[in-house]
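I opened the model to look up its fold, its charged pairs, its core and its surface. My entries follow in the order in which I made them.

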Amino acid sequence: MTRVGSVSVVVVVALLAGIWSCSNDVGLPSAYHEGHLPQPADVTSAVDAGAITVTWSVSSETNVSGFVVGFTDSSGTETTRSIEDATAREYAEQELDTTSGTIYLIQVWSFDAVQFFGQRSEVDTLVVE
């Protein structure tokens, strides 16, 4: 009986060691894609005639196939719009709520031909008046 118990302990220890040492979680080095896509900057937004207009700048169009504009409301829900134009520097959104008092956190990021996303811009806060 003692032998069976020690074999069980050895098997359990071996299984746990295998779990701790093997993982499918593989991360790329933090700088792997650094510089691949430019980060949009100078994001500004305004509401005019029921539409939210977002503008931005970008230092280069190298590797850029388009941009994503993200609108996060006060509940934390993010709505995104894809613009498949590397030369775009403005987007007008007409579907979102523009009722007075509505707040959106707006960010823009670029993507390339294989749908790799670049770094998000700084947040621009829009308070609809």
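Is E61 buried, partly exposed or exposed? I found E61 partly exposed, because its relative accessibility is 38%. The terms run as follows: buried is under 20% relative accessible area, exposed is over 50%, and partly exposed lies in between, with a 1.4 Å probe and protein chains only.

I noted the ground rules next. This is a predicted model, in which local features need pLDDT of at least 70 and side-chain atom pairs count only at pLDDT 80 or more, while totals for chains, interfaces and linings use all residues. Residues are numbered from 1 along each chain as its sequence is written, and side-chain values use heavy atoms, with hydrogens and water left out.

Entry: fold. I counted one helix and seven strands in the chain. Their order along the sequence is α-β-β-β-β-β-β-β. Helices (H or I, at least four residues) and strands (E, at least two) are DSSP runs, numbered from the N terminus. The chain has 129 residues, and 29% of them are buried. I also looked at contacts (heavy atoms within 4.5 Å). Of those between residues at least 6 apart in sequence, 57% join residues at least 24 apart.

Entry: salt bridges. I used the cut-off of a side-chain nitrogen of Lys or Arg within 4 Å of a carboxyl oxygen of Asp or Glu. Side chains of opposite charge can pair when their charged atoms come close.

E61 pairs with R89, with 3.2 Å between the closest N and O atoms. E61 sits in the loop between β2 (51-57) and β3 (66-73), and R89 in the loop between β4 (78-83) and β5 (90-93), so the pair links distant parts of the chain, 28 residues apart. R89 counts as partly exposed because its relative accessibility is 24%.

E78 pairs with R120, and here the closest N and O atoms are 2.8 Å apart. This pair links strand β4, which holds E78, to the loop between β6 and β7 (124-127), which holds R120; the two are 42 residues apart. E78 is partly exposed at 34% relative accessible area, and R120 is partly exposed at 33%.

R81 pairs with E93, the closest N and O atoms being 2.7 Å apart. R81 is in strand β4 and E93 in strand β5, 12 residues apart. Which of these two is buried? E93 is buried, because its relative accessible area is 1%. R81 is partly exposed, with 22%.

Entry: core. A nonpolar core is a set of buried Ala, Val, Leu, Ile, Met, Phe, Trp, Tyr and Cys residues joined through side-chain atoms within 4.5 Å. The largest one has 20 residues, and I52, V54, W56, V69, F71 and I106 touch the most other members. Strands β2, β3 and β6 each give two or more residues to this core. I then listed the contacts of V69 beyond four places in sequence; among them are V54, W56, R81, Y91 and I106.

Entry: surface. The chain exposes about 8,500 Å², of which carbon and sulfur atoms supply 54%. The areas come from the Shrake-Rupley method with a 1.4 Å probe, and for residues only the protein chains shown count as cover. I103, L105, V123 and V127 make a nonpolar patch of about 300 Å². Patch residues have over 30% relative accessible area and no salt bridge; nonpolar side chains (Val, Leu, Ile, Met, Phe, Trp, Tyr) are joined within 5 Å, like charges within 9 Å. I103 lies in strand β6 (residues 103-111) and is partly exposed at 36% relative accessibility.
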